[in-house]
Protein chains: 4
Amino acid sequence: MSKTKKNTGWRQKLHEIIYEADTHAGKMFDVILLCVIILSIIFVMLESVKSIGEKYHDLLDKAEWIITILFTIEYIGRIITVKKPLSYIFSFYGIIDFLSTIPKYISLFFIGTHALVALRALRLLRVFRILKLARFVGESNQLLKALRASTAKILVFLFTVIVICIILGTVMYLIEGGSDSGFTSIPRSIYWCIVTLTTVGYGDIAPATDLGQFIAAFIMILGYGIIAVPTGIVSAEYSRQDRKIHINTQACPNCGAEGHKDNAEYCFKCGHHLHEH
Amino acid sequence: MSKTKKNTGWRQKLHEIIYEADTHAGKMFDVILLCVIILSIIFVMLESVKSIGEKYHDLLDKAEWIITILFTIEYIGRIITVKKPLSYIFSFYGIIDFLSTIPKYISLFFIGTHALVALRALRLLRVFRILKLARFVGESNQLLKALRASTAKILVFLFTVIVICIILGTVMYLIEGGSDSGFTSIPRSIYWCIVTLTTVGYGDIAPATDLGQFIAAFIMILGYGIIAVPTGIVSAEYSRQDRKIHINTQACPNCGAEGHKDNAEYCFKCGHHLHEH
Amino acid sequence: MSKTKKNTGWRQKLHEIIYEADTHAGKMFDVILLCVIILSIIFVMLESVKSIGEKYHDLLDKAEWIITILFTIEYIGRIITVKKPLSYIFSFYGIIDFLSTIPKYISLFFIGTHALVALRALRLLRVFRILKLARFVGESNQLLKALRASTAKILVFLFTVIVICIILGTVMYLIEGGSDSGFTSIPRSIYWCIVTLTTVGYGDIAPATDLGQFIAAFIMILGYGIIAVPTGIVSAEYSRQDRKIHINTQACPNCGAEGHKDNAEYCFKCGHHLHEH
Amino acid sequence: MSKTKKNTGWRQKLHEIIYEADTHAGKMFDVILLCVIILSIIFVMLESVKSIGEKYHDLLDKAEWIITILFTIEYIGRIITVKKPLSYIFSFYGIIDFLSTIPKYISLFFIGTHALVALRALRLLRVFRILKLARFVGESNQLLKALRASTAKILVFLFTVIVICIILGTVMYLIEGGSDSGFTSIPRSIYWCIVTLTTVGYGDIAPATDLGQFIAAFIMILGYGIIAVPTGIVSAEYSRQDRKIHINTQACPNCGAEGHKDNAEYCFKCGHHLHEH
């Protein structure tokens with residue numbers, strides 16, 4: 001309790017504007033912040049394009065300085081108005097906010113570090129925070145739940161895919177290593193195997209021998225077949241959550257058991273009537 | 001009421017032919033229109049092929065003029081016979097009809113605008129209108145419903161994909177920007193990232209450094225994994241709609257059994273009449 | 001009755017061997033036929049490989065003649081033993097059998113028609129007939145049912161994809177047509193659009209302008225999103241068929257209504273008891 | 001009984017450490033083994049990279065010898081402590097263990113066989129054994145069950161894909177064989193067809209003629225459509241297993257309500273005890 005500052009007066013108000021979105025000013029702040037983030041990313045993009053970067057260098061440099069100063073003010077504002085500044089500074093968003101502000105200042109002293117401004121792209125993630133206020137919250141929550149529930153399954157799947165790629169990549173290196181088709185080392189063969197199994201298929205490395213093409217065809221059909229697995233996992237998880245909606249969240253007033261069906265009258269665990277008053 | 005013209009006599013008849021498909025003449029009109037649209041698109045295609053376009057230029061030009069005049073007649077017919085001409089002219093199909101007719105006339109005065117005739121391809125969308133009359137209406141309605149119900153989820157997903165591509169594209173620019181592998185600017189790196197994540201993989205830009213290939217492999221596996229998300233969304237939505245159609249939620253007033261089919265008259269469990277009063 | 005020959009004695013026996021698989025001889029015939037078909041395809045393949053085709057030309061030619069004669073005998077055997085020869089000759093399999101036998105004979109008189117022997121690959125389709133005898137029949141039937149039930153939906157989907165490709169292909173031709181990136185005509189642009197939307201991505205044609213790459217990125221994300229649609233269709237269809245298994249096939253002895261649930265005691269239509277004796 | 005040695009004392013203890021993971025030492029052994037396997041694979045990879053392989057050849061050679069000796073000790077340990085040594089030696093993992101140890105010894109006598117060390121990558125499969133101890137066991141079991149249950153369906157599907165590829169590959173050879181676009185033989189055309197149908201699309205072979213591109217577009221759309229099939233199969237299988245786990249088929253002996261959860265003790269409808277006798 002002693003470490004948290006008591007927000008009073010203007011600080012309380014600023015906190016509401018910056019961190020919440022119930023008031024008109026709070027909503028405005030979020031929308032403007034979103035626009036400035038998008039603008040800052042567009043500027044960084046434009047500068048990386050050679051023809052534009054050289055012509056409008058001064059203009060873009062000035063625009064980036066303005067945005068950097070705006071971000072600095074916002075960063076300081078966030079620290080001042082929050083109850084526990086330290087936990088904000090070392091939070092996920094706090095670190096991103098810091099990293100997207102500091103490179104421009106460093107570039108004053110060290111030449112070449114300027115490209116780090118690109119870290120600003122990470123601020124886009126804040127969009128999700130802002131969107132949380134909107135109607136998408138339910139949808140993205142359901143998406144996240146389905147993904148989180150199937151994380152373990154998807155990890156097992158991805159690990160299997162990587163093991164398969166290491167083994168088949170090694171096999172392809174043994175077969176194609178001699179020829180001139182780009183399989184110059186095992187890591188590169190594994191890279192090729194991932195490119196093929198995921199059906200990306202750049203074509204910068206492609207098997208040239210007959211046996212290599214045969215195995216490549218096998219890998220492709222394998223990849224074509226096992227792409228069904230993550231899809232099946234997420235589909236099933238999604239359907240399951242849908243059905244869960246028909247399972248309600250009340251607990252039995254007698255034994256506390258949860259997960260009753262929507263139309264349940266009695267607890268499936270102890271037989272107690274659920275809707276007594 | 002004062003603004004809508006009363007269709008009488010031939011106008012009424014023409015309206016039926018052009019806008020409806022209950023009569024024999026109306027059906028014929030739709031089929032002929034479809035054929036002319038397809039023909040006009042084939043002519044535009046053929047003209048764009050150099051060897052054919054140069055040889056048969058005069059023939060194709062004449063054919064396009066005939067089709068343009070037919071479309072003009074149809075366009076005028078639609079305006080005359082509809083009750084509210086203005087709302088047709090500024091409707092989606094009205095604008096498309098206008099845009100697919102006018103470029104040929106403009107090309108008389110301004111050279112080079114001829115390619116705009118290609119806008120005619122948009123008329124193909126009318127096929128859906130015509131097909132509405134056929135047995136596909138139920139199927140495409142169900143498709144549309146499932147897509148519309150999952151629009152919000154798919155938008156959240158696509159937005160996430162774009163944010164991921166911006167961030168990873170920027171990272172790849174920082175890594176591969178120096179080498180000679182095509183990552184010349186951030187927008188181009190983002191383009192590459194989309195090409196990779198969606199498993200298209202042209203190969204016109206491909207990472208050359210070891211770290212770049214490692215991250216590319218990561219992006220591919222990511223793309224391979226998250227392709228499951230939209231699929232899962234649409235699958236679940238589809239299944240949900242299926243279930244909605246077939247099983248209703250009423251319980252038997254006698255025994256309380258649930259899960260009756262929509263058209264059930266009697267309880268499948270005890271034989272009691274379900275709809276007694 | 002007058003047109004169908006009565007099979008007696010050896011003809012009856014031959015018919016059983018060729019067309020049925022209940023007897024030992026019938027099974028043997030099917031297995032041998034399958035082996036010869038596969039052999040014949042391997043020979044055709046080998047001959048197309050230049051280094052092998054030139055070296056072993058005489059050997060392969062002799063082997064193909066032997067197989068052609070075997071196929072001819074089988075073809076004649078099928079005609080003789082079947083009850084309605086004409087309906088066999090003009091059936092799907094009858095035409096394939098004829099087409100896979102005749103090219104070798106024609107090649108005696110006309111040089112260059114020899115490559116038509118490749119039509120023999122179509123005989124592989126007979127494998128499905130032979131497999132019908134095996135345990136896969138149930139599985140492939142369920143697959144076919146699910147596909148057939150969703151044919152209309154998939155056709156609507158594919159038609160939409162083709163319309164999208166025609167429109168976007170035309171747009172890309174207008175944008176990239178001037179540059180040197182391979183978009184030389186509208187049909188070729190449409191081809192590129194299909195290559196991109198289906199996430200194949202050869203890279204033989206790839207957009208070079210900024211606007212072109214932007215639209216290409218849009219097409220890719222579109223393709224990545226809508227691949228969910230056919231998957232969703234087939235998934236839902238499959239699940240539905242699974243559930244159908246729990247719907248039994250008995251008809252009500254009173255009113256004849258079908259589609260009762262497995263645990264139904266009374267007809268949902270008329271309330272009659274289903275299991276009376 | 002006479003052929004199985006009785007493990008006593010240290011042998012019993014070693015068996016527990018090597019084969020089981022209930023004790024602390026057993027867990028440690030598994031973790032260390034996993035690390036050594038991963039290390040050995042990294043060394044093999046590094047050696048295949050030319051720049052590293054030449055520079056650190058001696059160091060890597062020593063490291064590989066140490067790992068080979070460790071593996072040898074482990075292999076001998078496994079033989080000594082297991083009850084039936086022969087059934088281990090000729091088991092799947094026994095053969096892999098042997099194959100990943102022996103090449104290094106052979107390379108002392110025969111030059112060039114060294115690359116066979118890459119077989120060591122197969123030992124990664126042991127990871128699954130070790131993971132069996134972890135929380136992933138349930139997930140991977142469910143994955144395996146779903147895959148095993150749909151094996152027959154997936155095989156029918158893959159066989160169909162291969163037949164389609166053979167037929168379409170042959171057709172493409174007849175069309176593109178004359179031109180200079182890489183369709184030099186039927187096997188190569190089939191390889192191209194698999195590359196295209198699975199949406200990998202290297203671009204090393206790509207159709208050049210108009211008809212070839214038309215058929216290629218058809219193949220792509222086909223591949224885009226039928227990728228839904230394996231996905232649908234696995235999705236449906238997964239959902240089915242989900243349902244199997246959670247809802248049982250018993251009816252309440254009192255009111256006849258169905259759809260009770262597996263762990264239900266009392267009817268959710270009337271509160272009657274479900275398992276009365």
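How many residue pairs are in polar contact between chain A and chain B? In this predicted model, the count comes to 5 residue pairs, with both partners at pLDDT 80 or more. As for which parts of chain A sit on the side that touches chain B, the elements giving two or more residues are α2 (24–48), α8 (126–131), α9 (136–149), α10 (151–176), α11 (186–197), α12 (210–226) and α13 (228–244) of chain A. The biggest giver is α13(A), which puts in 8 residues. Sorted by class, this side of chain A holds 30 nonpolar, 11 polar and 6 charged residues.

The rest of the picture for this pair of chains goes like this. Chain A brings 47 residues to the contact, and chain B brings 47 residues too. Putting the two together buries about 4000 Å², and carbon and sulfur atoms account for 73% of that area. As for salt bridges across the interface of chain A and chain B, the rule turns up 1. Its partners are Arg188(A) and Asp210(B), whose closest N and O atoms lie 3.8 Å apart.

Salt bridges also turn up elsewhere, and over all chains the count by this rule is 20. One of them pairs Glu64(A) with Lys104(A), and here the closest N and O atoms are 3.1 Å apart. That pair ties together distant parts of the chain: Glu64(A) belongs to helix α4 of chain A, Lys104(A) belongs to helix α7 (residues 102–106) of chain A, and 40 residues separate them.

Now for the surface of chain A. Trp10(A), Leu14(A), Ile76(A) and Ile80(A) make up a nonpolar patch there, and together they have about 360 Å² of accessible area. Trp10(A), for one, is found in helix α1 of chain A.

Over in chain C, Phe43(C) is worth a look. Phe43(C) sits in helix α2 (residues 24–48) of chain C. Leaving aside residues up to four places away in sequence, Phe43(C) touches Leu60(C), Ala63(C), Glu64(C) and Ile67(C). Pro85(C) is another matter: it comes 42 residues away from Phe43(C) along the chain, and the C-alpha atoms of the two are separated by 30 Å.

Terms used: Residues are numbered from 1 along each chain as its sequence is written. Chains are lettered from A and ligands numbered from 1 in the order in which they are written. This is a predicted model: local features need pLDDT of at least 70, side-chain atom pairs count only at pLDDT 80 or more; totals for chains, interfaces and linings use all residues. Side-chain values use heavy atoms; hydrogens and water are left out. Contact means heavy atoms within 4.5 Å. Buried area is the accessible area (1.4 Å probe) that two parts lose on being put together, summed over both. A salt bridge is a side-chain nitrogen of Lys or Arg within 4 Å of a carboxyl oxygen of Asp or Glu. A polar contact is a pair of N or O atoms within 3.5 Å; within protein, one must be able to donate a hydrogen and the other to accept it, and residues adjacent in sequence count only if both atoms are side-chain atoms. Helices (H or I, at least four residues) and strands (E, at least two) are DSSP runs, numbered from the N terminus. Ala, Val, Leu, Ile, Met, Phe, Trp, Tyr, Cys and Pro count as nonpolar, Asp, Glu, Lys and Arg as charged, and the others, Gly among them, as polar. Patches are made of residues with over 30% relative accessible area and no salt bridge: like charges are joined within 9 Å, nonpolar side chains (Val, Leu, Ile, Met, Phe, Trp, Tyr) within 5 Å. Accessible areas come from the Shrake-Rupley method with a 1.4 Å probe; for residues, only the protein chains shown count as cover.
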